Amino acid sequence: MERITENGSDSSCATTTAPLSATPIHQVYVNDQFLNWDPEHRIKVRIVSARAYHSLFMHNMCIRPTPKELEEFGTPDFTIYNAGLFPCNRYTHYMTSSTSIDINIARKEMVILGTQYAGEMKKGLFGLMHYLMPKRYILSLHSGSNMGKDGDVALFFGLSGTGKTTLSTYQNRYLIGDDEHCWSENGVSNIEGGCYAKCVDLSKDKEPDIWNAIKFGTVLENVVFDEHTREVDFSDKSVTENTRAAYPIEYIPNAKIPCVAPHAKNVILLACDAFGVLPPVSKLNLAQTMYHFISGYTALVAGTEDGIKEPQATFSACFGAAFIMMPPTKYAAMLAEKMQKHGATGWLVNTGWSGGSHGLGNRIKLAYTRKIIDAIQSDKKTYQDTLLKLASLFKKNFDGFTTYKIGGDQKLTEEIVSAGPIF
């Protein structure tokens, strides 16, 4: 799955040791991989990188071909050239720094210069999928997804820091993916082959699946570790709060492989409300779902953006304005059509503050949010039976008071009775 080539040649070989007097051989790393687990709509990508770190990162994050698929890979649909720290020409017209990330759709190429941030490759390909998939009438989504044992699928939309990865990765449900998906006529499919989880303050008790996924082969970014024991201190934020772990999705025990699922039944929009105004959960009609989907409200929280120490309100269309290649209404119209056709329900879940704004109220605990998500995804028949049982108890209790007249006539009595549960 990884080819090491010498001096940009096309030969597949192992690392070669050159004579001491010879000019040093510069290696590049070539990954041939796929995007989208739906075999009808997958994209072949080739990543050419100057650093082994970048190669391993994309090995984890893209879909890894089998030996047979690699042998028959052929010409890629898109190629990334990542030169790492090699800078761009600052004297080029419009260039303002030594870093540039350029995508040419016509040439089917992406060139990265002057940066070692591996996420540029991941998000560059995500932007590409936001262009290619809608042209095939497939909805591309910045969302996590999981599936219950009965095949009920949920989508989790949210910006960084809202809990998208954490909430989609849950021991009681099968993980489809944590960040990027497509919704086609075949159902929901993961675009990627791995997960990119925030690991600041990570603990085994709170997030056991992510904790256990950090093992040999996982790429850790920005973390601090003991040089002697090599133990990571996930509470250390001295480099940045934006610490990350990139691991193959198979490292999650309950991941569904291949990462494809039926059509979604619940569309959950996650917002980290820093003002403490949004309720913990709201059930939305279709128009409200589209309104909040297009708005993409959350708060930038510490660790998700450089320089952010206190939460700041922000809006990002479709929960991914940086990646979408078409007007937001295009994606919203496609989502509305999918939800109507397959009977999906929209929800707005606040993973931010309650009881007051940041500094006054409290951040809603992860355990509480998980209970809310459980209730959303619980069996509807059980809920309906419980609802009817409780309503009948209310009615039975109030029947004893209906014989008494309240006020000068029966009008007030009738109004009070009608305020009770309606069957």
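## Overview

The model is predicted. The protein chain has 423 residues, and 46% of them count as buried. It holds 10 helices and 24 strands. Take the contacts between residues at least 6 apart in sequence: 68% of these join residues at least 24 apart.

## Two helix pairs

Two packed helices are described by the angle between their axes and the distance between the axes. The table gives both values for two pairs.

| Helix pair | Axes come within | Crossing angle |
|---|---|---|
| Helix 1 (residues 52-61) and helix 3 (residues 119-135) | 9 Å | roughly 40° |
| Helix 6 (residues 286-295) and helix 7 | 10 Å | roughly 145° |

Start with helix 1 and helix 3. Their axes cross at roughly 40°, and the two helices are therefore oblique to each other. The crossing is right-handed. Which residues of helix 1 and helix 3 meet? Helix 1 brings His 54, Phe 57, Met 58 and Met 61. Helix 3 brings Gly 119, Met 121, Lys 122 and Leu 125. By class, this contact has 5 nonpolar, 2 polar and 1 charged residues.

Now turn to helix 6 and helix 7. Their crossing is right-handed. On the helix 6 side, the meeting residues are Leu 286, Thr 289, Met 290, Phe 293 and Ile 294. On the helix 7 side, they are Pro 328, Thr 329, Tyr 331, Ala 332, Leu 335, Ala 336, Met 339 and Gln 340. The contact of helix 6 with helix 7 divides into 10 nonpolar and 3 polar residues, with no charged ones.

Is Thr 289 buried or exposed? Its relative accessible area is 0%. The cut-off for buried is under 20%, so Thr 289 is buried. Setting aside residues up to four places away in sequence, Thr 289 touches Leu 269, Leu 284, Met 339 and Gly 346.

## The nonpolar cores

The largest nonpolar core has 51 residues. Which residues have the most contacts inside this core? They are Leu 155, Phe 157, Trp 183, Tyr 247 and Phe 293. Helix 7 (residues 328-342) gives the most to the core, with 6 residues.

Another core, of 26 residues, lies apart from the largest one. Its members include Ile 138, Tyr 196, Val 219 and Ala 246.

A cis peptide bond joins Ile 257 and Pro 258, with omega about 0°. Pro 258 is in the loop between strand 16 (244-248) and strand 17 (260-261).

Tyr 137 is not a glycine, yet it has a positive phi of about 65°. It lies in the loop between helix 3 and strand 7 (139-147). Tyr 137 has 67% relative accessibility, so it counts as exposed.

Asn 222 is not a glycine either, and its phi is positive, at about 65°. Asn 222 belongs to the loop between strand 13 (219-221) and strand 14 (224-225). With a relative accessible area of 36%, Asn 222 is partly exposed.

Definitions and conventions:
Residues are numbered from 1 along each chain as its sequence is written. This is a predicted model: local features need pLDDT of at least 70, side-chain atom pairs count only at pLDDT 80 or more; totals for chains, interfaces and linings use all residues. Side-chain values use heavy atoms; hydrogens and water are left out. Axes are lines fitted to C-alpha atoms, for helices over the stretch in contact, and angles run from 0 to 180 degrees between N-to-C directions. Helices (H or I, at least four residues) and strands (E, at least two) are DSSP runs, numbered from the N terminus. Angles under 35 degrees count as roughly parallel, over 145 as roughly antiparallel, 65 to 115 as roughly perpendicular and the rest as oblique. A crossing is left-handed if the near helix is turned anticlockwise from the far one by less than a right angle, and right-handed if clockwise. Contact means heavy atoms within 4.5 Å. Ala, Val, Leu, Ile, Met, Phe, Trp, Tyr, Cys and Pro count as nonpolar, Asp, Glu, Lys and Arg as charged, and the others, Gly among them, as polar. A nonpolar core is a set of buried Ala, Val, Leu, Ile, Met, Phe, Trp, Tyr and Cys residues joined through side-chain atoms within 4.5 Å. Buried means under 20% relative accessible area, exposed over 50%, partly exposed in between (1.4 Å probe, protein chains only).
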